[in-house]
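Subject: Structure for your review

Dear colleague,

Please find below the structure that I am handing over to you. I would ask you to keep it open while you read my notes.

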Amino acid sequence: MPLRKKPFRFPPWQRRGLKAIIHGFALGYVAWLFLAGITDQLGPDPVNTLINETGTWAIHFLLLTLTLSPLAKWLPSPEPIQFRRMIGVYAFVYAFAHLFTYIFFELQLDMALVASEIVSRPYIIVGMIALILLVALTATSFKRLQRKMGRKWQTLHNSIYLILPLALLHFSWSQKTFWQEPVWYWLVGLLLMSPRIKRWYSTYQRKQQGRKSTAKKGRGKENIV
């Protein structure tokens, strides 16, 4: 149920200001993380802290991206959608920083070791699939490509609903547990996905009922003949 009867809009200056705050935080935090890591201010294991922080914040931005559409309907307002592309791009930025930290600092750019790690650790494969999909979404997030791709664009960008569980699986697997911290991310993800799952199931039921109805009509015609 919408919170308001009439949708509201931000004045342009407020929208620009909020975007500037988000840009400042997202870019500032990842820059501070790397600076703190280089200057040895991230505790006894700075590389592990950097890997964990960039990974968890990539998930934070993914969850926030999936929050914007329901929020737009609930308010109601088109304003949250204005931030969806930007938040999604930062999910990719942090996910890429996560991979970069792992390869550059943890594995010291040893490509033979990188290949060995990918083959021997399934959770890395899961994370790589999620990142590749994020690359595809980021590369096609421009309006010009959206117009060119038409319906294919929406089909591709619906893969965000696959990226989230893949990212959560990668996170849980790397933590060697689905409980403690990971379980809270799964609960939030399930909460965000449940309306969409319900809608997909309703669509599936309607299609099944339509097929059954068509099949019955076909059998009825055969009996008449």
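The notes below go from the whole protein to single residues.

This is a predicted model, in which local features need pLDDT of at least 70 and side-chain atom pairs count only at pLDDT 80 or more, while totals for chains, interfaces and linings use all residues. Residues are numbered from 1 along each chain as its sequence is written, and side-chain values use heavy atoms, with hydrogens and water left out.

Overall form

The protein contains nine helices and zero strands; both are DSSP runs numbered from the N terminus, a helix being H or I with at least four residues and a strand being E with at least two. Its pattern along the sequence is therefore written α-α-α-α-α-α-α-α-α. The radius of gyration is 22 Å, whereas a compact globule of 225 residues would have a value near 17 Å. This radius is taken over C-alpha atoms, and the globule rule is 2.2 Å times the number of residues to the power 0.38. Along the principal axes, the C-alpha atoms fill a box of roughly 80 × 50 × 40 Å.

Of the 225 residues, 34% are buried (buried means under 20% relative accessible area, exposed over 50%, and partly exposed in between, with a 1.4 Å probe and protein chains only). Among contacts (heavy atoms within 4.5 Å) with a separation of 6 or more, 68% join residues 24 or more positions apart.

Charges

How far apart are the mean positions of the positive and negative charges? The distance is 28 Å, for 29 positive and 9 negative charges. Lys and Arg count as positive and Asp and Glu as negative, with His and the chain ends not counted. Each charge is placed at NZ of Lys, CZ of Arg, CG of Asp or CD of Glu.

Threonine 56 belongs to helix H2, residues 46-74. Is threonine 56 buried or exposed? It counts as buried because its relative accessibility is 9%. Its side chain reaches two backbone oxygens: that of asparagine 52 at 2.9 Å and that of glutamate 53 at 3.2 Å. Beyond its neighbours within four places in sequence, threonine 56 is in contact with Phe171, Glu181 and Tyr185.

Arginine 15 is part of helix H1, residues 12-38. Its side chain makes a polar contact with the side chain of glutamate 79 at 2.9 Å. A polar contact is a pair of N or O atoms within 3.5 Å; within protein, one must be able to donate a hydrogen and the other to accept it, and residues adjacent in sequence count only if both atoms are side-chain atoms. Leaving out residues up to four places away in sequence, arginine 15 touches Phe10, Glu79, Gln82 and Phe83.

Backbone features in the loops

Proline 76 sits in the loop between H2 and helix H3 (84-106). The peptide bond that leads from leucine 75 to proline 76 is cis, with omega near -20°.

Aspartate 40, in the loop between H1 and H2, is not a glycine, yet its phi is positive at about 60°. With a relative accessibility of 57%, aspartate 40 counts as exposed. Lysine 176 lies in the loop between helix H8 (160-175) and helix H9 (181-224). Its phi is near 60°, also a positive value in a residue other than glycine. Lysine 176 counts as exposed because its relative accessibility is 78%.

Yours sincerely,
A colleague
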